[in-house]
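Visitor: Please take me through one part of this structure at close range, and then show me how the rest connects to it.

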Amino acid sequence: MKEYMTIALPLSRELMTALRLATGGVCSLAGVDLERSEDCKVCVTESLLLLMHAGYPSARVGFWEEDGLLVRVSGEGERGAAAPTEEDEISFALLGALAEQTETEKEGGALARLSFRFGK
Amino acid sequence: MDERELFAKYRETGDVALRNLLVERYLYIASLLAKKFAGRGVEYDDLYQVASLALVKGVERFDETKGLKFSTFITPTITGEIKNYFRDRSRLVHLPRKVAELRAGVRRESEAFAAETGRSPTAKELAARLGASEEEIVHAAEAGGVVSLDRPADEDGMSLYDVLSSEDESFEHFENREAVHSAMKALSPTERALISFRFGQELSQTETAKRMGVSQMYISRLERKVLEKLRESLKGDMA
């Protein structure tokens, strides 16, 4: 499994656009078509929002080649107080609707990692 | 009354007031999802309308006895409708503009590529066809989609028809302009007015409906019909 790149970033909304652009670039490298590339950007953004609401100060986003593009997003740093919102449920449902094989992992009862795939 | 009870009661009585209550309660989901998909070349207002209609249909179809929360059920439903809407719109003709040549090129080449291969192209493949870098292609997509009839024809609020009638040499694809011009002539005055309000002045469907003294639903149906008519006409001209 080839790693395209991994980005570590503080969880702030200001950096979402930069990460969306990077995601678009990796989708291109991975041969993901433009429509699904847009969907992948939405999924990356939603994952970061979920981790933000789970209380993480930063995150690591890894992009891997595996039958298309596999994206792994994990919370980093000392977790603060979780601030879940009603929108979290919608974010999870959106991930399920847009990506293939969405998986989530919890640690200490809180969301810690997400992964999803976009096929070629 | 909680969600499950409300849906059960609506299912039992078919009371429209209850349905409206449910729709109002979950309208925020339509708004939220419309915002998440805005920026792909379609205005938020239009996406919100598509999402709201999907919500109404979802309220009708939802079965609370299956144990699913409504928000979990409705999110993929609305997302599917929005994506269908994007696909419908992607079949529209495009208006070449110098300032957006690359974005227009992306749409044109995407369609050509899809026709040739039966699949959507990657940024790399588009870059090769357009002589641009992959980064430029990706950036053009990120910047808000490609130029199409749903964009204002001119920053001064000129209508698409007006602009297409001019002899402005900034349009490099003369044949396209003429084809659109000719297709526009075949429209009725009402249909041309709709195109002018919606794509020239970039009014929302609601605003357009007010100006034309009809309902928003009527505008929605008419717009779909007119765009389809234009598309068919242009397809015939360019065949």
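Guide: Five strands of chain A form an open sheet in the order β1-β2-β3-β5-β4, with antiparallel pairing. Strands here are DSSP runs of E with at least two residues, helices are runs of H or I with at least four, and both are numbered from the N terminus. Two strands count as paired if DSSP finds at least two bridges between them. This is a predicted model, in which local features need pLDDT of at least 70 and side-chain atom pairs count only at pLDDT 80 or more, while totals for chains, interfaces and linings use all residues. Residues are numbered from 1 along each chain as its sequence is written, and chains are lettered from A and ligands numbered from 1 in the order in which they are written.

The edges of the sheet are β1 (2-10) and β4 of chain A, each of which pairs on one side only. On average, neighbouring strands are turned by 15° against each other, direction ignored. Angles are taken between N-to-C directions and run from 0 to 180 degrees; axes are lines fitted to C-alpha atoms, for helices over the stretch in contact.

Inside the sheet, β2 (residues 58-65) and β3 (residues 69-76) of chain A run antiparallel and are joined by eight bridges. A:Arg60 has A:Ser74 of β3(A) opposite to it. At the other end of the order, β4 (residues 100-107) and β5 (residues 110-118) of chain A pair in the antiparallel sense through six bridges. There A:Lys106 faces A:Leu111 of β5(A) across the pair. The hairpin of β4(A) and β5(A) has two residues between the strands, and A:Gly108 takes a positive phi near 60° in it.

A residue is buried if 20 or more other C-beta atoms lie within 10 Å of its own, exposed if 12 or fewer do, and partly exposed in between, with C-beta atoms placed from the backbone.

α1(A) lies across β1, β2 and β3 of chain A and runs at about 175° to β1(A). α2(A) packs on the sheet too, touching β2, β3 and β5 of chain A, and its direction makes about 15° with that of β3(A). Contact means that the C-beta atoms of two residues, placed from the backbone, lie within 7 Å.

Neighbours within four places in sequence aside, A:Leu69 is in contact with residues including A:Val26, A:Cys40, A:Phe63 and A:Phe118.

The two chains also meet: 20 residues of chain A and 22 residues of chain B take part in the contact. On the chain A side, α1 (16-30), α2 (34-53) and α3 each supply at least two residues. α3(A) gives the most, with eight residues. By class, this side of chain A has nine nonpolar, five polar and six charged residues. Here Ala, Val, Leu, Ile, Met, Phe, Trp, Tyr, Cys and Pro count as nonpolar, Asp, Glu, Lys and Arg as charged, and the others, Gly among them, as polar.

A:Gly96 is found in α3 (residues 87-98) of chain A. It counts as partly exposed because it has 17 C-beta neighbours inside 10 Å. Apart from neighbours within four places in sequence, A:Gly96 is in contact with A:Thr102 and with B:Pro76. A:Phe116 is 20 residues from A:Gly96 in sequence and 8.8 Å from it in space, C-alpha to C-alpha.

Chain B, by contrast, has twelve helices and zero strands, and 37% of its 239 residues count as buried.
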